[in-house]
Amino acid sequence: MWHLLFVFLLCPTAVFTGAKLEPECSKLQLQFATQSSAFTTCLGKNTKPVRICVTCFNSYHLVNDSYYNITQSGKCSDVLLDSDNAMVIRRLWEAYHNMWTSALCSTCSGLTENRTHEFRNRTEDVLECFEESPIELICMNCQTRFDALLNLFKTLQGLGFACADLADSMNSTAKTWSVKYNCGEIPVEYVPVLAMTISMCFVPVIFYAALWKFMPMIHGTSTYRSM
């Protein structure tokens, strides 16, 4: 469904108005539509568990580059970004950018991913302890490992490095610890996950708002052709 919406909403203006885009503008428009579709697909496939920042790093920067190329085109930027009231391309990009920044993805993806390796290793260590320990001894056997993981997460969080991927992982491990094994409540705030979720909610809103905006144009064009 996402793919069809991208093709429909970002297709050349000529479909609706009869105006012909310059070849350069059509190329830039198609590039953005293609990269947007790929990024949105990546987001949809990696929302549970959240693995957005690492898995979708390349997709995000490709759509970022395609948007930047539009803004740097003297003949195409106004046509593609501001010529329609819905401003689909601009609003899509803003939704992507807000999601990425609110999820703190730049702190644990790409060149910064190494700083999260210790967290991932400690998480695997805790989960391994859960699996290997008798259920009645999990709280006692895994306490030291879990405390080390939690303290590391709080340190990363205090430094501003607890991206959505790490926060979701910590949330899942803490829930298993406190709810499944009843080893105690863990008061941890997961702001990046909440912020990312709120930002992602705006993506379909933008799509359907744009769809509603274009429907009268489509209807008018169809009526004209039928006459």
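This is a predicted model: local features need pLDDT of at least 70, side-chain atom pairs count only at pLDDT 80 or more; totals for chains, interfaces and linings use all residues.
Let me begin with the salt bridge, by which I mean a side-chain nitrogen of Lys or Arg within 4 Å of a carboxyl oxygen of Asp or Glu. Residues are numbered from 1 along each chain as its sequence is written, and side-chain values use heavy atoms, with hydrogens and water left out.

Now the overall picture. The secondary structure comes to eleven helices and zero strands, where helices (H or I, at least four residues) and strands (E, at least two) are DSSP runs numbered from the N terminus. Of the 227 residues, 41% count as buried, and for accessibility I take buried as under 20% relative accessible area, exposed as over 50% and partly exposed as in between, with a 1.4 Å probe and protein chains only. Contact means heavy atoms within 4.5 Å, and among contacts between residues at least 6 apart in sequence, 72% join residues at least 24 apart.

Let me return to the salt bridges, of which the count comes to five. In the pair I opened with, R145 lies in helix α9 (residues 138-158) and D125 in helix α8 (residues 117-132), 20 residues apart; R145 is partly exposed at 32%, and D125 is partly exposed at 33%. Another of them joins D168 and K48 at 3.6 Å, N to O, and this pair links D168 in helix α10 (residues 164-180) to K48 in the loop between α3 and α4 (52-55), 120 residues apart. E24 counts as partly exposed, at 37% relative accessibility.

The axes of α8 and α9 are 9 Å apart, at an angle of about 160°, where axes are lines fitted to C-alpha atoms, for helices over the stretch in contact, and angles run from 0 to 180 degrees between N-to-C directions. The two helices are therefore roughly antiparallel, a label for angles over 145 degrees. Residues of α8 including F119, D125 and F130 meet residues of α9, among them R145, F146 and L156.

Finally, the nonpolar core, which is a set of buried Ala, Val, Leu, Ile, Met, Phe, Trp, Tyr and Cys residues joined through side-chain atoms within 4.5 Å. The largest such core has 50 residues, and F32, F39, I52, L80, W100, F119 and M170 touch the most other members. The elements giving two or more residues to this core include α3, α7 (88-102) and α10, while α9 gives the most, with eight residues. S59, which sits in helix α5, is buried at 18% relative accessibility, and, leaving aside neighbours within four places in sequence, S59 is in contact with A38, F39 and C42.

Terms used: Angles under 35 degrees count as roughly parallel, over 145 as roughly antiparallel, 65 to 115 as roughly perpendicular and the rest as oblique.
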